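Here are my notes on this model, point by point. Have the coordinates open while you read.

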Amino acid sequence: MIIGSSVVAFLLGELLLRIAVGGPARLLYGASFVDHQIDWKVKYGVDENNQRLVCGDSDSRILTAKIAFLGDSFVYGQGIPDCGDLASRFKALAPEVTIENLALIGIGLREYRIIARDLVDDSFDRLYLFIYGNDVFEHPEGISLGGELADKFSVFALLRKVKRARMVANYINE
């Protein structure tokens, strides 16, 4: 009885999260935030999907391709004001192309796979994946069952996000 109730609660929670937010990759993206480091203080602009804002005008009559940029802080443009990031600079050179910056600060190979699976659909003509040395060296040797579940189910991805938020809050408070 308890197991059956737990399964129903899980399935209902998964359904509600998928409708409200989307797959696990959508839970990786947060709202705009101020990144205050020793060398910079930048507020990042985001679009309606909470992805880094890509600057540049498009003429819908001449659009030739839709491209996704995927990577970590280098591609996201950490420390760089809006319109100076890699995707925006590329957009300035190719206004006939639609570009989405699917990069995130602090992610690696595992998250690239999740984002590509959940967010790069048939509407994209190309995906540019930027892999740097730190992505390879930070690749985990093993993954826990909870990590595997969080990669596949939004309910567990939400629990992962809450756990990380609590860890950051505890770190700041200490």
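1. Is serine 73 buried or exposed? Serine 73 is buried, at 17% relative accessible area; buried means under 20%, exposed over 50%, and partly exposed in between, with a 1.4 Å probe and protein chains only. Serine 73 sits in helix α2 (residues 73-76). Not counting residues up to four places away in sequence, serine 73 touches Gln78, Leu104, Ile105 and Gly106, where contact means heavy atoms within 4.5 Å. Serine 73 and isoleucine 107 lie 34 residues apart in sequence and 7.7 Å apart in space, C-alpha to C-alpha.

2. A word on the ground rules. This is a predicted model, with local features needing pLDDT of at least 70 and side-chain atom pairs counting only at pLDDT 80 or more, while totals for chains, interfaces and linings use all residues. Numbering runs from 1 along each chain as its sequence is written, and side-chain values use heavy atoms, with hydrogens and water left out.

3. Now the overall layout. The protein chain has 7 helices and 5 strands, in the order α-β-β-β-α-α-β-α-β-α-α-α along the sequence. Helices (H or I, at least four residues) and strands (E, at least two) are DSSP runs, numbered from the N terminus. The C-alpha trace spans about 60 × 45 × 30 Å along its principal axes, and 33% of the 174 residues are buried. Of the contacts with a separation of 6 or more, 74% are between residues 24 or more positions apart.

4. Take a look at helix α3 (residues 86-93). Ala87, Ser88 and Lys91 are its buried residues. Down the helix axis they fall within an arc of 95 degrees, so they line one face of α3; the arc is that of the directions from the axis to the C-beta atoms. Exposed residues Arg89, Ala92 and Leu93 are on the face turned away from the buried side. The cover over the buried residues of α3 includes β3 (65-70) and β4 (97-101). At the N-terminal end, aspartate 85 caps α3, with a side-chain oxygen 3.3 Å from the backbone nitrogen of alanine 87.

5. Helix α6 (residues 145-152) can be read the same way. Gly147, Ala150 and Asp151 are buried in α6. Seen down the axis, the buried residues of α6 fall within an arc of 105 degrees, so they line one face of the helix.

6. Arginine 18 belongs to helix α1 (residues 2-20) and is partly exposed, at 36% relative accessibility. The side chain of arginine 18 makes a polar contact with the side chain of glutamate 14 (2.7 Å), and also reaches the backbone oxygen of lysine 152 at 2.9 Å. A polar contact is a pair of N or O atoms within 3.5 Å; within protein, one must be able to donate a hydrogen and the other to accept it, and residues adjacent in sequence count only if both atoms are side-chain atoms. Arginine 18 and serine 154 are 136 residues apart in sequence, yet 6.8 Å apart in space, C-alpha to C-alpha.

7. Finally, the lining of the largest pocket. Its biggest contributor is α7, with 9 residues; β1 (34-36), α4 (109-119) and α7 (154-173) each supply at least two.
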